[in-house]
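Reader: I am new to this structure. Please take one part, the salt bridges and the elements they join, and describe it closely.

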Amino acid sequence: MNLITGATGLLGSHIAEKLVEMGQPVRALVRKNSDTRILEAWGVELVYGDVTEPKSIAEAMKGVKTVYHSAAGVGDWGSWANYFVPVTIGGTRNMLEAAKRENVERFLHISSISSYGHIMTDDIVDETWPLGELGKNLNKWSYYSRAKIEAEKLVRQAHAAGDICATIAKPSWLYGPRDRASMPRIIKAIRARKTKLLGRGDNKLNLTYAGNEAEGCILAATMECAKGQTYNLSSDGDITQAEYFNKIAECLGVKPITRKVPFKVAYNAAFLMELFGHITNRKTPPLVTRYSVWLIGRKCFFSPEKARRELGWKPTVGYEEGIQRSVRWCIDNLGL
């Protein structure tokens, strides 16, 4: 039995889909208000609960061989104490404790490349880089990344103590069908002609199709060589910021994006928006945050070569096809 948390999300749903296609039994821990129709259609067993509820986790964990822990506080806005701490950090702790009690064989923890911190370097970043540090390459409001770091530390400690056999996967910017976060926002901005390139637009993005990412996660969760390892499942190949946005524009039948804004100008503007948002206790994220500016405009590249070499991971779906699928899904399912 394979247990997935976050199975109604982008990556979790693709992991479930791939496992079902492989003929594997799949169980998902889902909240009662989640849209589970696609999971039900695939024949996924559902256990209602939450990673913040140990009792529901214990029920979901019974008889499980492999855990894919994808659930976490998402986005770059929200309450540290009431959202990121209980969901990302506390939820991971709860999952680890339940997995230990049930003697689960493999535990795949899905972290993020942002757990290295919001680094700015011309170097290639691999798995030997240290985790990010507050005040060094993370700011006070980097809640998503800070929580990912603390959760990852818990996983490393549990593996080192012999409590579980863990592997850590670090996805990058994901896109694909069932993306209800970044792709819809990009489509709306491009159609409204509000999109600008950050800097020259020639920086390489760490961009991964969710289906490819799911295949990498399954390899990392099942291969013997992956036990105790960390993998940057962080890129399908070479694509620049300008190429990505303009491939989306081409799918939409609109003109290419040519307007630009200096990275530092966008970054400083994002800080002011964040500052105003925190002062006014804004519930929804500002138009731009420093995390989103870093994600799009940074120069550093997170290398997936270790996963290529050790797991044999390579993209099944290329950028051309993947972007077309993602845009089409948003148009067909979200009415964009």
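**Salt bridges and their surroundings**

Author: The closest N and O atoms of E17 and R178 are 2.9 Å apart, and the two residues form a salt bridge (a side-chain nitrogen of Lys or Arg within 4 Å of a carboxyl oxygen of Asp or Glu). This pair links distant parts of the chain, 161 residues apart: E17 is in helix α1, and R178 is in the loop between β8 (173-175) and α6 (182-191). Helices (H or I, at least four residues) and strands (E, at least two) are DSSP runs, numbered from the N terminus.

The model is predicted, so local features need pLDDT of at least 70 and side-chain atom pairs count only at pLDDT 80 or more, while totals for chains, interfaces and linings use all residues. Residues are numbered from 1 along each chain as its sequence is written, and side-chain values use heavy atoms, with hydrogens and water left out.

R178 counts as buried because its relative accessibility is 12%; E17, at 21%, counts as partly exposed. Buried means under 20% relative accessible area, exposed over 50%, and partly exposed in between (1.4 Å probe, protein chains only).

Helix α1 covers residues 10-21 and lies across β1, β2, β4 (66-69), β5 (106-110) and β7 (166-171), at about 160° to β1. Contact here means heavy atoms within 4.5 Å; axes are lines fitted to C-alpha atoms, for helices over the stretch in contact, and angles run from 0 to 180 degrees between N-to-C directions.

K18 meets E215 in a salt bridge at 3.1 Å, N to O. K18 is in helix α1 and E215 in helix α7, 197 residues apart. E215 has a relative accessible area of 22%, so it is partly exposed. Helix α7 as a whole is mostly covered, with ten of its 13 residues buried. Among them are E213, A214 and G216.

Another salt bridge joins the side chains of K247 and E320 at 2.8 Å, N to O. Because K247 lies in helix α8 (residues 241-252) and E320 in helix α12 (residues 319-334), the pair ties together parts that are 73 residues apart in sequence. K247 counts as partly exposed at 22% relative accessibility, and E320 does so at 40%. Elsewhere, salt bridges that share partners join E152, R156 and K170 into one network. A search of the whole structure finds 16 salt bridges.
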